[in-house]
Amino acid sequence: MVLSAAGAIEHERFVELAAKAFARVPKSGDATAPVPARYAGGERRDEDDLEQVHLLIGTEGLSYLDPDHHAAAVFSTLFGGGMSSRLFQRIREERGLVYSISSFTSSYRDGGLFGIYAGTGAESLAELVPMICAEFVSVADTLQESEIARARAQLKAGVLMALESTHARCEQAARHLLTYDRVIPHTETVARIEAVDRAAVRRVARRLLSGKPSVCALGPVERLETYDSIAARLRA
């Protein structure tokens with residue numbers, strides 16, 4: 001168990017209150033080691049009478065402990081992390097195929113997930129999926145130093161602005177203790193982000209494409225191509 005607090009607190013008083021509150025909690029023996037997460041991939045399609053299709057294409061991601069964890073964050077940011085990202089500019093702004101589009105990473109101690117979300121009209125679905133796959137496959141070989149630098153700056157800004165929130169500090173400290181057994185200073189996190197170079201981002205982009213994809217769609221999905229076809233596009 002980890003107790004975390006941030007803000008106007010006195011450490012000794014916090015420890016005293018914690019000891020009092022949890023004094024009657026029974027102590028157990030050594031905890032059984034959890035079974036490591038196992039990414040499987042696959043698909044789920046739910047036909048529904050909605051105004052738009054909600055589509056997610058995902059792959060196995062990287063854990064917090066992976067040496068490429070910060071490079072994966074940089075990749076996701078430049079690929080689909082905001083209005084300046086590739087997916088937003090090329091698929092929404094230039095082609096108008098989606099209402100919204102973004103990418104994300106979800107990391108855990110024993111695994112992770114990378115995903116691309118898009119909200120689109122049913123009439124655009126057939127054109128949208130091949131374009132998403134083509135962008136994903138080609139990004140490793142077309143990376144520009146300017147977009148990597150922009151993604152690093154965006155991530156560093158997020159780290160530093162989070163210092164203004166006691167809630168964010170509290171949550172981060174607990175997560176660090178559970179994951180790394182120590183609280184990582186923000187200066188170290190910033191340094192790791194700054195160390196991400198083009199080679200690392202290219203490596204991550206290729207790693208994310210190396211496994212079995214996940215495809216999930218909700219709405220009028222009859223024009224969504226088969227799972228095998230999408231998987232083949234991501235192997236191209």
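The legends below describe close-up views of a predicted model.

**View 1. A nonpolar surface patch formed by M1, L3, F22 and V25.** The patch made by these four side chains covers about 410 Å². One of its members, V25, is situated in the loop that runs between α1 (11-21) and β1 (42-47), and V25 counts as partly exposed because its relative accessibility is 42%.

**View 2. A negative surface patch formed by E47, D48, D49 and E222.**

**View 3. The aromatic pair of Y64 and Y180.** The structure holds 6 aromatic pairs, including the edge-to-face pair of Y64 and Y180, in which the ring centres are 6.4 Å apart and the planes stand at 70° to each other. Because Y64 sits in the loop between β2 (53-60) and α2 (69-80) while Y180 is part of helix α6 (residues 166-180), the pair ties together parts that are 116 residues apart in sequence. Y64 itself is partly exposed, its relative accessible area being 21%.

**View 4. The aromatic pair of F75 and F114.** The ring centres of F75 and F114 lie 5.6 Å apart with their planes at 50°, so this pair is classed as tilted. The pair links distant parts of the chain, as F75 is in helix α2 and F114 is in strand β4 (residues 112-120), 39 residues apart.

Notes
Residues numbered from 1 in each chain as written. Predicted model: local features only at pLDDT ≥ 70, side-chain atom pairs only at ≥ 80, totals over all residues. Heavy atoms only, no water. Patch = residues over 30% accessible without salt bridge, like charges linked within 9 Å, V, L, I, M, F, W, Y side chains within 5 Å. Areas by Shrake-Rupley, 256 points an atom, 1.4 Å probe, with all protein chains shown as cover. Helix = DSSP H or I, 4+ residues; strand = E, 2+ residues; numbered from the N terminus. Buried < 20%, exposed > 50% of the residue type's maximum accessible area, 1.4 Å probe, protein only. Lys, Arg positive; Asp, Glu negative; His and termini not counted. Charge placed at Lys NZ, Arg CZ, Asp CG, Glu CD. Phe/Tyr/Trp six-rings, centres within 6.5 Å; stacked < 30°, edge-to-face > 60°.
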